[in-house]
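Q: I have the sequence and the model open. Please take me through how to read them.

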Amino acid sequence: APVVVAIDGPSGSGKSTVSRAVAARLGLSFLDTGAMYRAMTWWMLTNGVDTADAEAVAIACGKPVIVSGTDADGPTITVDGVDVSGPIRGPEVTAQVSAVSAVPAVRTRLVELQRDCAGLAPRGIVAEGRDMGTVVFPDATAKIFLTASADARAERRAAELRGKGVDEATIAAMAADLVRRDTADSSRSTSPLTQAEDAVLVDTSALTLDQVIDAVVELVAE
Ligand code: ADP
Ligand code: CDP
């Protein structure tokens, strides 16, 4: 059976960075499922769909064509052929993605695309998100739940934004939004963020990126 590595955890725990590095090291494909929920949200905003209106989101969510490029050396994401890798990281999308991702019809659609990506991966895939181990890939080869203290996660995001020249007021707002989003993601009724029973917990608060990558590679090899 093809290798599937399922990595879940809250925002800023290191999922994207670690998953990409592990995929590159093991010669596997890489799938950032958060980018797909962000792409769906970007399309709703661009097309004037009220993201607070779950019914409207459910009706519209079949329309955008979302394509994820799963090369670990250069993952891509397009919506209707447009590269949205930049705009999906912006504050507008970040503020509304949790509402869109809580709509069951959105999840049904994107989960299907995620399984298709795994099926097409030549050697297997490292998939990261909130429900990889619990819902999308229940039979994954390895399941890892990455966490870090709320302070460590907020500090990492802040450092990232500072590096991009973002001002301190925006950084403080992003930190507050991170807490709000984690609460929303963990308390929604469909596929809440939670550790799978058979997932291994890795707390990255006091570890370097290299230490986390080594630990995950070791868990996959077991
Ligand atoms: P997630 O995908 O879970 O939101 P990211 O992979 O985007 O998290 O990581 C957020 C930021 O934290 C990135 O800038 C990354 O380089 C940094 N980071 C991740 N893990 C660690 C770690 N163990 N030690 C230090 N910095 C880390
Ligand atoms: O980068 P960050 O960790 O902040 O977020 P992300 O991984 O890009 O995910 C953005 C949002 O998408 C999350 O806050 C969730 O609301 C949603 N998401 C989800 O519901 N299920 C997934 N498998 C992945 C993301």
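Q: To which strand do 4 bridges join strand 1?

A: Strands pair if DSSP finds at least two bridges between them; strands (E, at least two residues) and helices (H or I, at least four) are DSSP runs numbered from the N terminus. Here 4 bridges link strand 1 to strand 7 (residues 142–147), and the two run parallel. D8 has F145 as its bridge partner in strand 7.

This is a predicted model, in which local features need pLDDT of at least 70 and side-chain atom pairs count only at pLDDT 80 or more, while totals for chains, interfaces and linings use all residues. Residues are numbered from 1 along each chain as its sequence is written, with chains lettered from A and ligands numbered from 1 in the order in which they are written.

Q: Which strand is joined to strand 1 by 6 bridges?

A: Strand 6 (residues 124–129), also parallel to strand 1. A6 pairs there with A127.

Q: Why is strand 1 largely enclosed?

A: A residue is buried if 20 or more other C-beta atoms, placed from the backbone, lie within 10 Å of its own. In strand 1 (residues 3–8), 5 of the 6 residues are buried, so the rest of the structure largely encloses it.

Q: Which residues have the most contacts inside the largest nonpolar core?

A: Such a core is a set of buried Ala, Val, Leu, Ile, Met, Phe, Trp, Tyr and Cys residues joined through C-beta atoms within 7 Å. The largest has 30 residues, and V126 and A127 have the most contacts inside it. Apart from it lies another core of 23 residues, including C61 and V84.

Methods. A residue is buried if 20 or more other C-beta atoms lie within 10 Å of its own, exposed if 12 or fewer, and partly exposed in between; C-beta atoms are placed from the backbone.
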